[in-house]
Amino acid sequence: MAAFLLWLLLLVFCWPLALLALVLYPIVWLLCLPLRLVGITVGAVFAFLGALLMLPARALRGRPA
């Protein structure tokens, strides 16, 4: 909601810039999407490697009787 109100304020003060932002936002979002996917993949790989390294310690940890 705050972003929309800021955009409306920009529309009142400088409408060409507001319209340019409205047109460019989807293009910038599409350009950033592959980088987001790479970030998610790298995070998942690091989580998998951490779990794999901790597996022997978790398997050898004794359960209290």
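Student: How many disulfides does the count come to?
Tutor: Zero disulfides. Keep in mind that this is a predicted model.

Student: What about the cysteines, Cys14 and Cys32: how exposed is each?
Tutor: Cys14 is partly exposed, at 31% relative accessible area. Cys32 is partly exposed too, at 35%.

Student: New topic. How many aromatic pairs are there?
Tutor: The count comes to one aromatic pair. The partners are Phe4 and Trp7, with ring centres 6.5 Å apart and planes at 20°.

Student: Stacked or edge-to-face?
Tutor: Stacked, because the planes of Phe4 and Trp7 stand at 20° and stacking covers angles under 30 degrees.

Student: Where do Phe4 and Trp7 sit relative to each other in the helix?
Tutor: Both belong to helix α1, residues 2-13. Phe4 and Trp7 are three residues apart there, so about one helical turn separates them.

Student: And how accessible are the two side chains, Phe4 and Trp7?
Tutor: Phe4 has a relative accessible area of 46%, which makes it partly exposed. Trp7 has 22% and also counts as partly exposed. The cut-off for buried is under 20%.

Student: Let's zoom out. How many helices and strands does the protein have?
Tutor: Two helices and zero strands. Helix α2 takes in residues 15-60.

Student: What radius of gyration does the protein have?
Tutor: The protein has 23 Å. A compact globule of 65 residues would have a value near 11 Å. The C-alpha atoms fill a box of roughly 70 × 25 × 10 Å along the principal axes.

Student: How far apart are the C-alpha atoms of Val23 and Thr41?
Tutor: They are separated by 29 Å, at 18 residues apart along the chain. Val23 lies in helix α2.

Student: Is Val23 buried or exposed?
Tutor: Exposed, with 54% relative accessibility.

Student: What percentage of the residues count as buried?
Tutor: Of the 65 residues, 2% count as buried. The protein exposes about 6,100 Å². Carbon and sulfur atoms supply 83% of that area.

Student: Which residues make the nonpolar surface patch?
Tutor: Val38, Val42, Val45, Phe46, Phe48, Leu49, Leu52 and Leu55 make it. The patch is about 770 Å².

Technical notes
Residues numbered from 1 in each chain as written. Predicted model: local features only at pLDDT ≥ 70, side-chain atom pairs only at ≥ 80, totals over all residues. Heavy atoms only, no water. Patch = residues over 30% accessible without salt bridge, like charges linked within 9 Å, V, L, I, M, F, W, Y side chains within 5 Å. Areas by Shrake-Rupley, 256 points an atom, 1.4 Å probe, with all protein chains shown as cover. Salt bridge = Lys/Arg side-chain N within 4 Å of Asp/Glu carboxyl O. Helix = DSSP H or I, 4+ residues; strand = E, 2+ residues; numbered from the N terminus. Disulfide = S-S within 2.5 Å. Buried < 20%, exposed > 50% of the residue type's maximum accessible area, 1.4 Å probe, protein only. Phe/Tyr/Trp six-rings, centres within 6.5 Å; stacked < 30°, edge-to-face > 60°. Rg over C-alpha atoms; globule rule 2.2 N^0.38 Å.
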